[in-house]
Amino acid sequence: MTTSTPTHAASNTTATPMPGASTGAAGHGTPLATFTALLRREFWENRGGLWTSQLWTTGILLVLIALSLLIGETFRVNLVGDVDVASLADLAGSQVQGTQLAELRRGLGIGLWSLGVLNQIVLYFVVLFYCISALYDERKDRSILFWKSLPATDTQTVLSKLVTAVLVAPVLALAAIAILHLGTLLLLSLYASFHGLNPWPVLWQPGLLLDVWLRTLATIPVHMLWALPGIAWLLLASSWAKRAPFVWAVLLPILAAVLASMLETLIRLRLPGSWVWEHVVGRIVSSPGMMSLQPWRWQQASDNPFMEPVTWGQLRQTLVSIETGIGLLVAVALLAAAIWLRRYRDDS
Amino acid sequence: MTATIQARGLSKSFGATRALAGIDLTIPAGRIVGLIGPNGAGKTTAMKAILGLTPYQGELKVLGLDPHRQRQQLMRDVSFIADTAILPRWIRVSELIDFTAQVHPRFSPERCRALLAGTKIDPKMKVKAMSKGMVVQMHLALVMAIDARLLVLDEPTLGLDILHRKAFYENLLNDYFDQDRTILVTTHQVEEIEHILSDVVFIRDGRIVLDTAMDALPDRYTEVLVGPDRREAALALQPLHERSLFGKSAMLFDGVDRLRLAELGEVRTPGLADLFVATMKERDQ
């Protein structure tokens with residue numbers, strides 16, 4: 001590395017590299033390079049949850065869809081008799097016109113949307129447990145001091161975990177959902193072509209797929225703004241807990257809400273309101289994952305919320321609500337506390 | 001010239017316990033300093049203060065920086081290996097090298113790979129698949145590929161067998177150390193590092209009890225093997241420490257003329273371990 005370096009270099013306390021030293025490529029160690037590296041680090045550590053589990057969910061669903069098509073086909077052949085599917089479809093096609101065709105396409109959109117629900121549920125649990133262990137595991141396995149021996153700040157590190165939870169994980173889940181959509185349409189097309197039907201006019205509408213994907217993609221940043229305080233709380237609990245971070249992260253708010261409800265009953269002699277439950281417990285519990293898993297939407301939705309895609313109106317409503325704004329302020333405070341704990345607490 | 005480490009009245013308390021009770025220490029560049037002390041003497045606390053991992057009272061400058069407030073800047077010039085700073089078990093060698101290259105402007109992935117080429121460590125290997133010795137080799141290769149000005153080692157060879165321990169310090173001395181770098185090391189295996197040290201600091205109960213260059217040891221300390229007949233005469237010269245050895249007494253003297261002691265018996269420069277025991281015993285009395 002360095003051979004016969006002049007001694008005056010030792011008196012130089014600035015960050016200039018020593019002569020003859022082979023350092024990394026230009027740009028390394030900049031805030032952007034560091035943050036990218038931290039995000040990749042999170043992906044490497046949690047590849048199984050963030051990506052592999054999503055692919056497995058997609059794969060299993062596709063196998064189930066293929067199997068159900070096969071079962072349907074067996075039923076048709078053995079029980080119903082060899083009905084000509086193509087002429088049946090032609091008959092149906094001649095009956096369905098105009099608005100009904102539009103309804104059919106809308107129905108396909110809802111079908112595609114609800115197809116991704118299982119991926120969303122997997123995402124929910126992955127992100128929930130990711131957040132709870134994000135700042136806890138590195139202390140438990142005593143690798144935290146190794147990470148701290150490298151020039152990445154505590155702020156960068158905590159923010160990289162936050163971004164992984166609210167952006168990276170949902171985007172990866174959406175990618176897996178898109179694969180699921182394409183796979184499902186491919187299977188249905190194969191089935192249709194097998195019966196001499198042209199799948200293109202009904203099934204393959206680029207506008208439809210794009211609409212479902214874009215709308216889901218748009219929910220990610222909107223949901224992020226709404227979910228930041230909840231995720232920040234989970235990260236704070238993860239950075240705070242000496243053991244059992246799950247208890248701090250989830251059970252503590254629930255206990256606090258129970259206590260608040262009981263006190264309210266005791267002091268005001270009336271049935272407790274749901275404010276704490278809705279704005280603290282509900283908010284924390286519905287923060288991981290995607291927007292369609294927010295319980296408050298279940299109350300508002302007239303129908304099964306999983307059956308309907310998020311509308312642009314609902315997105316706007318979330319963006320401008322006071323609750324989102326206040327939540328962001330709370331999130332900043334909680335994150336600052338999590339960063340402070342990682343920086344200054346010394347329990348190694 | 002700025003010293004690598006400069007401490008004035010460095011103190012740190014945990015509740016009622018004084019871990020560091022006002023340490024004054026100056027370490028110039030190009031030294032290999034052993035920080036040696038019994039368990040609980042404050043070694044690790046001192047290291048943590050130097051690395052900006054723990055708040056402290058008093059004055060402390062590392063490479064001219066305040067380690068607590070300017071920690072991130074400091075970490076570009078300082079590396080450390082501690083028995084409490086363990087490589088994450090889930091990570092692959094290739095990922096570890098990629099990550100360090102991205103965040104550390106002074107890390108050379110080529111050099112790290114070259115250092116690993118001589119070991120059984122494969123780039124695809126995960127840390128959890130490595131033996132204890134391999135993990136330490138990996139960590140050392142990573143740190144040696146960083147062009148740092150201060151390397152802090154806190155019990156770096158804990159749990160390693162003697163072959164790995166020897167190899168560790170040999171690599172460090174042959175492939176890493178030069179006149180611009182400073183290495184600060186703590187260990188209980190005093191005998192194994194004494195030949196590589198340029199300076200030694202004994203610490204006890206949060207205070208420095210000895211701070212000297214290794215070169216200066218022979219001028220100051222002498223051990224004499226005294227027969228029973230001359231024991232009284234030797235004791236009159238007030239040895240620091242006495243231990244019996246094959247029916248004779250091995251006495252350790254501080255600042256007594258070696259020629260005079262040679263009249264009493266066979267003289268030699270004491271080993272660091274003997275000196276350590278003597279210094280610590282002396283304070284007990």
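Mentor: Start with Gln238(B). With 10 C-beta neighbours inside 10 Å, Gln238(B) counts as exposed, because the cut-off for exposed is 12 or fewer. The model is predicted, and so is this geometry. The phi of Gln238(B) is positive, about 60°, although the residue is not a glycine. That deserves a second look. Most residues other than glycine have a negative phi. Gln238(B) sits in the loop that runs between α9 (231–235) and β11 (241–245) of chain B.

Ala244(A) is not a glycine, yet its phi is positive, at about 50°. Ala244(A) lies in the loop between α10 and α11 of chain A. Ala244(A) is exposed too, with 12 other C-beta atoms within 10 Å. The count for Ala244(A) still qualifies as exposed because 12 or fewer is the limit.

In chain B, an open sheet of four strands has the order β11-β12-β10-β13, with antiparallel pairing. Its edge strands are β11 and β13 (265–268) of chain B, and each pairs on one side only. Neighbouring strands of this sheet are turned by 25° against each other on average, direction ignored. Look at the other edge. Four bridges join β10 (residues 221–226) of chain B to β13(B), and these two strands run antiparallel. Opposite Glu223(B) stands Arg268(B) in β13(B).

Now the domains. Chain B is assigned domain 1 (5–205) and domain 2 (216–284). Between the C-alpha centres of domain 1 and domain 2 of chain B the distance is 34 Å. Their contact uses eight residues of domain 1 of chain B and seven residues of domain 2 of chain B. On the side of domain 1 of chain B that touches domain 2, α7 (190–193) and β8 (199–204) of chain B each supply at least two residues. β8(B) gives the most to that side, with three residues.

Another open sheet of chain B has three strands. They follow the order β2-β1-β4 in chain B, and the pairing is antiparallel. β2 (17–27) and β4 (57–62) of chain B are its edge strands, each pairing on one side only. The twist in this sheet averages 25° from one strand to the next. Five bridges link β1 (residues 5–14) of chain B with β4(B), and the two run antiparallel. Within this pairing, Gln6(B) stands opposite Lys61(B) in β4(B).

Step back to the whole of chain B. Chain B has eleven helices and 13 strands. Its C-alpha trace spans about 70 × 40 × 35 Å along the principal axes. Of its 285 residues, 47% count as buried. Take the contacts in chain B between residues at least 6 apart in sequence: 69% of them join residues at least 24 apart.

Chain A is built on another plan. Chain A has 15 helices and zero strands. Of the 348 residues of chain A, 31% count as buried. For contacts in chain A between residues at least 6 apart in sequence, 79% join residues at least 24 apart.

One helix of chain A shows the packing. Helix α5 of chain A covers residues 117–134, 18 residues in total. From first C-alpha to last, α5(A) reaches 25 Å, close to the 26 Å expected at 1.5 Å a residue. Its buried residues include Leu123(A), Val126(A), Val127(A), Tyr130(A), Cys131(A) and Ile132(A). Asn119(A), Gln120(A) and Ser133(A) are also among the buried residues of α5(A). The buried residues of α5(A) pack against α2 (47–80), α6 (137–140), α8 (154–194), α10 (206–240) and α11 (245–268) of chain A.

Last, confidence. The model scores ipTM 0.88 and pTM 0.87. Chain B averages a pLDDT of 90, and 98% of the residues score at least 70. In chain B, confidence is highest in helix α3 (residues 93–103), at a mean of 96. Confidence in chain B is lowest in helix α11 (residues 272–284), at a mean of 80. Where pLDDT is low, the predicted coordinates should not be read in detail.

Methods:
Residues are numbered from 1 along each chain as its sequence is written. Chains are lettered from A and ligands numbered from 1 in the order in which they are written. This is a predicted model: local features need pLDDT of at least 70, side-chain atom pairs count only at pLDDT 80 or more; totals for chains, interfaces and linings use all residues. The expected span of a helix is 1.5 Å times one less than its number of residues. A residue is buried if 20 or more other C-beta atoms lie within 10 Å of its own, exposed if 12 or fewer, and partly exposed in between; C-beta atoms are placed from the backbone. Two residues are in contact if their C-beta atoms, placed from the backbone, lie within 7 Å. pLDDT is the predictor's confidence in each residue, from 0 to 100. Two strands pair if DSSP finds at least two bridges between them. Axes are lines fitted to C-alpha atoms, for helices over the stretch in contact, and angles run from 0 to 180 degrees between N-to-C directions. Domain bounds come from an automatic or database domain assignment.
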